[in-house]
Amino acid sequence: MGFLNKFINLFLGKTKIRLDKNEGPTNFEKSKPSAHRNPKFDRSQKEDDLKFDFLIKHSEEIKDYEDAFYNMYRDKGSTTKEELQNLENSLILLNELKKFCYSYGKGGSLYFDDMWMHLHNSKNNCFSFESLINTRIQDINTLDSCRNDIILFLESNPGFIQKNIYEQLPKYNTSTIQKVLRLLEKDSLINRVKKSGSYELTIKTPYEPISKSDINPISDTLKQIEIPDTSISFRTIELSDELFLIPNEIKDLLWFADGPYKNIIVQNYIDIAIGKEKIRIPLRNGEPSAISFELPIESGIDNYNIGYYPFYTNLNPVQRYKYLTWLKDIRSPIDIGYVFIFYYGLERHLLFGDYINAAKAIVILQNFHDNRSFQAYSNDAIFISSIINKDVTFLDYINTNKLSPQLLATYKTLYELPLTANDIVRMSSVVGWTNNRYIKMYPELFKKTLEEVMIDKYSTKEYDIDNDLFLNTKKTFSLMLANYSIDYENRGIAIPDILSDTALKKDLHKILETTHETVKKKLAEGRKNKNIDTVDTK
């Protein structure tokens with residue numbers, strides 16, 4: 001543990017990620033396409049080569065930007081207001097992608113323009129993704145405006161005939177009005193009753209009883225089915241009652257946006273890290289795990305996946321009840337989205353609160369919720385907390401089988417542990433080894449042979465890492481928390497990437513190469529001598 005403590009004391013304070021903002025255009029004016037012909041079809045070979053070179057060099061960063069954009073763009077939210085907010089945020093992310101691409105010169109600008117500004121289809125020779133988003137925003141605003149105007153009109157003119165309403169609302173086309181009327185009927189806000197070759201339109205009263213004609217007759221088959229009692233399916237629940245049943249050690253780790261337990265002030269923006277960029281976008285919900293006494297809770301059944309980056313405030317009343325019920329026993333199985341809501345709050349504790357009990361809770365979650373994304377984020381979080389709080393206790397509980405190759409190398413170096421054959425195989429792609437044929441087909445034989453190779457070369461079946469590499473390596477990799485409501489400067493640290501060391505990579509690559517060739521010989525000899533013991537059993 002001596003080297004680990006030495007590293008933490010020496011490295012703490014130098015690990016916070018600092019991002020340099022790449023200057024670039026802040027709007028889309030420079031990329032307006034020709035009105036007659038799509039410019040992407042007139043690129044020279046040199047321009048195509050520039051685009052390709054840019055894509056190859058920055059493929060991972062581009063993917064991060066584009067994934068963030070598409071996740072935001074495809075999220076329609078649970079309300080119109082949320083969908084509009086996500087579309088506006090999509091424009092922000094798209095502009096950040098443009099700034100990133102433009103910062104790398106002509107190759108980057110050509111790539112962005114041809115991928116995002118010069119789209120085409122059978123109806124339109126040249127249009128931009130920005131125009132699609134703006135059109136969608138305009139359509140949503142038009143539908144919302146039309147909805148309000150129709151309701152106001154029908155409140156003053158009950159029983160109005162639909163075929164005559166179009167001339168009363170001349171600023172909207174017929175198809176828009178028809179669409180809004182269908183949506184209002186679907187949402188049980190208006191009645192549409194056939195009359196005079198059209199429909200009579202009236203506003204529904206809030207508690208209008210359902211007429212018998214609205215109830216479909218039940219078939220004899222359905223009558224024979226035993227229908228369970230659902231009288232409590234949507235019973236309103238008091239938040240204080242649910243909190244009373246949550247164990248104190250869990251309740252003490254929760255964050256509350258209001259009410260008697262309020263312990264956090266919600267901020268109104270988030271910083272999203274994409275590649276080397278930091279992007280600030282509006283945030284309506286603040287701390288994603290923050291519980292509000294103002295939001296309703298209802299018992300019932302809801303089996304929908306709550307998706308990526310869930311917020312407590314975005315859950316519906318039944319989903320909130322499901323989450324609070326799960327908090328009574330966080331070991332019980334549940335959709336990983338609910339686990340992340342609780343976990344976001346634990347990350348905040350790792351930095352600003354009760355990091356010891358938060359780390360304990362994370363270790364429990366890791367043992368009972370085997371999700372790849374959660375395991376990766378939570379391992380990063382424990383490392384970050386250990387370094388920032390100068391407390392390495394919980395590194396002992398980390399499941400090394402779930403660590404990324406870089407983080408595994410970090411862990412082994414900090415604890416002054418050698419690399420095993422299994423470790424080296426896991427790091428093979430990072431050190432440049434690409435021929436995985438025998439690793440996949442004969443994994444046990446490959447590992448056993450790798451140990452033999454190391455014994456022959458180093459007189460031990462394990463590889464010792466030079467601890468000085470950790471302090472001398474200049475290249476780093478980032479550890480990041482998942483909670484986007486935490487300020488970016490506090491959310492990540494940069495760790496020396498010892499697997500980037502040329503000498504180390506060369507050693508491990510040579511070990512893998514020698515092992516590969518030895519396994520090839522063993523298999524050839526086994527086939528020749530029909531020695532079935534040589535054949536690997538997975």
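Biologist: Over the ring of which residue does the charged end of Arg320 sit?

Modeller: The model is predicted. In it, the charged end of Arg320 lies 6.0 Å from the centre of a ring. That ring, over which the charge sits, belongs to Tyr312.

Biologist: How far is the charged end of Arg192 from the centre of the ring of Tyr199?

Modeller: Arg192 places its charged end over the ring of Tyr199. The distance to the centre of that ring is 4.1 Å.

Biologist: Which kind of aromatic pair do Tyr70 and Phe129 form?

Modeller: A search of the whole structure finds 29 aromatic pairs. For Tyr70 and Phe129, the ring centres are 6.3 Å apart and the planes meet at 70°. Planes over 60 degrees apart count as edge-to-face. The pair is therefore edge-to-face.

Biologist: How many residues apart are Tyr70 and Phe129?

Modeller: The pair links distant parts of the chain. Tyr70 belongs to helix α3 (residues 59–74), whereas Phe129 belongs to helix α6 (residues 129–156). Their separation is 59 residues.

Biologist: Is Phe129 buried or exposed?

Modeller: Buried means under 20% relative accessible area. Tyr70, at 26%, is partly exposed. Phe129 has a relative accessibility of 10%, so Phe129 counts as buried.

Biologist: What is the angle between the ring planes of Phe340 and Tyr344?

Modeller: Phe340 and Tyr344 are four residues apart in helix α12 (residues 336–352), so about one helical turn separates them. Phe340 is buried at 9% relative accessible area, and Tyr344 is buried at 5%. Their aromatic pair is tilted, with 5.8 Å from centre to centre and an angle between the planes of 45°.

Key: Residues are numbered from 1 along each chain as its sequence is written. This is a predicted model: local features need pLDDT of at least 70, side-chain atom pairs count only at pLDDT 80 or more; totals for chains, interfaces and linings use all residues. Side-chain values use heavy atoms; hydrogens and water are left out. Rings of Phe, Tyr and Trp (its six-membered ring) pair if their centres lie within 6.5 Å; planes under 30 degrees apart count as stacked, over 60 as edge-to-face and the rest as tilted. Helices (H or I, at least four residues) and strands (E, at least two) are DSSP runs, numbered from the N terminus. Buried means under 20% relative accessible area, exposed over 50%, partly exposed in between (1.4 Å probe, protein chains only). A charge sits over a ring if NZ of Lys or CZ of Arg is within 6 Å of the ring centre and within 35 degrees of the ring normal.
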